[in-house]
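Colleague: Could you walk me through how to read a model like this one? I would like the general idea each time, and then the case at hand.

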Amino acid sequence: MLKRDIFNSDHDLLREQVGHFLDAEVVPHHRAWAEAGHVPADIWRRAGANGLLCRMVPEEYGGRGRGFLDSVVIIEELARRRISGLLTCLQSDIVAPFLVRLGTGEQKRRYLPGFCSGEVLGAIALTEPRSGSDIHHMQTRCLRNGDELVLSGEKIHISNGSLADLVIVAARSDRGAIGGQAGISLALVEAPCAGLFRERIPKSGVPALDTARLCFDDCRLPADRLLGAEGMGFLYLMTFLSIERLILAIYAQASAVVVLRDLIADCGARPASAGTVLDYQNTQFQLGDLFSQCAVNQAFIDRCIAEQAMGRSNPRSACIAKLRATETLKKLAMAGVQLRGAMGISGASGARATQDVIDSCVQSIWGGTSEVLLGVIGRSLINSL
């Protein structure tokens, strides 16, 4: 629907290969996985064997050493099929880069091959019950005790949380303090382990994505499970958060395009007194406005993708991309119910349309709510002139 020029023939071939795998191995089972609240571990291994995981990881650690555009292709193909359970970007583009950029040689050799093959499932634990994703008010602690790290606290709404084999946990540290405030450290927790308790959280939105509450009760780890420098976690999280938000923007934008495509088709097929619903001027106005928003969003996001592919990350642009893409997606999802009339809440089309509404609300929450993003963008304007 939207012309783009950021991909080459290799990416087109990858898109075809990914599409074949998803259509054969994922789409037929996704509804059952949504009812179960998670995807089976075996599908991660099959995804790894078919090249869907961690393509940017260096070859020496089991990856393909490819560029960011490979990840974009995979993310978009997942979104186009409304696949939310097997979010390979969480493994490949959100968790794995922490290990690639911060891990010691031993940590990389220990975990990254499994990440690439799908044998090791990863998660990152940041959000807490009382502070959300506000790092400044984090309560979970990671304290040194001799040659051990001791974790205590609670994390909530952690994607892949109940099934992950390796969880990167952000926690307050008694070392690395800056300006009189406690630092933040990142710890590598291999699950299951003593002192870690996990509970799956059922959800109405993106129900196939495993989401969990994690409790750490005097959870003791070897000191070599520290990821990066002690007390420097805040800097690390801020660095990687902009990449995460761009990834989520890409997923939301691709979701918006497929929702719009389906809506136009359904409006054109729905009979009305003046022909079809698509023949009404009001419908044309609504869809024309939503298409225009999608087109502008795509151009901006593609510019962000090109910058990221060249190694230039822009936190404010990532916030803008995620804000605009997710808010447009919500408008489209609501229009998808309204313009279908009774069919928007009944039958197969209604189930899909109403699920689109719920799922779109999730996308404007995870990775930073729209309100949080507006605050970040607004604060970035201070002294910017």
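Modeller: Happy to; we will go from the overall fold to single residues. This is a predicted model, where local features need pLDDT of at least 70, side-chain atom pairs count only at pLDDT 80 or more, and totals for chains, interfaces and linings use all residues. Residues are numbered from 1 along each chain as its sequence is written, and side-chain values use heavy atoms, with hydrogens and water left out.

Colleague: How many helices and strands does the protein have?

Modeller: Helices (H or I, at least four residues) and strands (E, at least two) are DSSP runs, numbered from the N terminus. Here they come to 11 helices and 10 strands. The radius of gyration, taken over C-alpha atoms, is set against a globule rule of 2.2 Å times the number of residues to the power 0.38. For 385 residues the rule gives 21 Å and the protein has 21 Å, so it is as compact as a globular protein of that length. The C-alpha trace spans about 80 × 50 × 40 Å along its principal axes.

Colleague: What share of the residues is buried?

Modeller: Buried means under 20% relative accessible area, exposed over 50%, and partly exposed in between (1.4 Å probe, protein chains only). Buried residues make up 52% of the 385.

Colleague: And what share of the contacts joins residues at least 24 apart?

Modeller: A contact means heavy atoms within 4.5 Å. Of those between residues at least 6 apart in sequence, 74% join residues at least 24 apart.

Colleague: How many disulfides are there?

Modeller: A disulfide is a pair of cysteine sulfur atoms within 2.5 Å. By that rule the count is zero. The sulfur of cysteine 267 has its closest cysteine sulfur in cysteine 294, 14 Å away, which is too far for a bond. For cysteine 304 the closest is in cysteine 319, and 10 Å is also too far. Cysteine 267 is buried at 1% relative accessible area, and cysteine 304 is buried at 10%.

Colleague: Which residues does aspartate 302 touch?

Modeller: Leaving out residues up to four places away in sequence, aspartate 302 touches Arg4 and Ile6. Aspartate 302 sits in helix H8 (residues 281-309) and is buried, with a relative accessible area of 10%.

Colleague: Where does threonine 127 lie?

Modeller: Threonine 127 is in the loop between strand S1 (122-125) and strand S2 (141-145), and is partly exposed at 21%. Beyond four places in sequence, its contacts include Gly132, Glu154 and Ile158.

Colleague: Let's turn to the backbone. Which residues does the cis peptide bond join?

Modeller: Look at omega, which is about 0° for the bond joining alanine 191 and proline 192. Proline 192 lies in the loop between strand S5 (181-190) and strand S6 (196-200).

Colleague: What is phi of asparagine 160 and of aspartate 218?

Modeller: Asparagine 160 has phi near 65°, a positive value in a residue other than glycine. Asparagine 160 lies in the loop between strand S3 (148-159) and strand S4 (166-178), and counts as buried at 3% relative accessibility. Aspartate 218 has a positive phi near 50°, but is found in strand S7 (residues 211-222) and counts as partly exposed at 38%.
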